[in-house]
Amino acid sequence: MSQELVTQQPSISDMERMATAIVKSSLFGVKTGDQALALMIVAAAEGKHPGTVAAEYHIIQGKASLRSDAMLARFQQAGGKVEWHEHTDTQVSATFSHPQGGSLRVDWDMKRAKAAGIDGQDNWKKSPRQ
């Protein structure tokens, strides 16, 4: 790819080629070119280079979902702070605060994941603490 693709938004045909490469690589869990292209359009709408989507988003039940690590990074880049109380495969607990307003303690465990019916999904089996 040319340097031009890195510094400005690529055309739809460029994004289609990138989408095909992302799917063929099997590196990011995106299964179809249409999924990859849709994610790239989301990235472009956010003012980001479409190539960033493979690392920042999942497709979960047919919907684009920001990865938990990307969500946390965005929160912290915006000035947010996290105080971890527990961070294991069976329970995660943290207090999230932001200078623009308040704080919130979040506790999540596998009992709650099971009650929500999400404990059996692949992403929960592979990375429960995320």
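Glu86 belongs to strand 3, which covers residues 81-87, where strands (E, at least two residues) and helices (H or I, at least four) are DSSP runs numbered from the N terminus. This is a predicted model, in which local features need pLDDT of at least 70 and side-chain atom pairs count only at pLDDT 80 or more, while totals for chains, interfaces and linings use all residues. Residues are numbered from 1 along each chain as its sequence is written, and side-chain values use heavy atoms, with hydrogens and water left out.

Between Glu86 and Asp107 there are 21 residues in sequence and 8.8 Å in space, C-alpha to C-alpha. The other glutamate described here, Glu56, lies in helix 4 (residues 53-56), and a polar contact of 3.0 Å links its side chain with that of Arg74; such a contact is a pair of N or O atoms within 3.5 Å, and within protein one must be able to donate a hydrogen and the other to accept it, residues adjacent in sequence counting only if both atoms are side-chain atoms.

The table uses relative accessible area, with buried under 20%, exposed over 50% and partly exposed in between (1.4 Å probe, protein chains only).

| Residue | Relative accessible area | Class |
|---|---|---|
| Glu56 | 17% | buried |
| Glu86 | 33% | partly exposed |

Leaving out residues up to four places away in sequence, Glu86 touches Gln91, Val92 and Ser93, where contact means heavy atoms within 4.5 Å. With that same exclusion, the residues that Glu56 touches include Lys48, Ser65 and Arg74, and Val53 is in contact with Ala36, Leu39, Met40 and Ala43.
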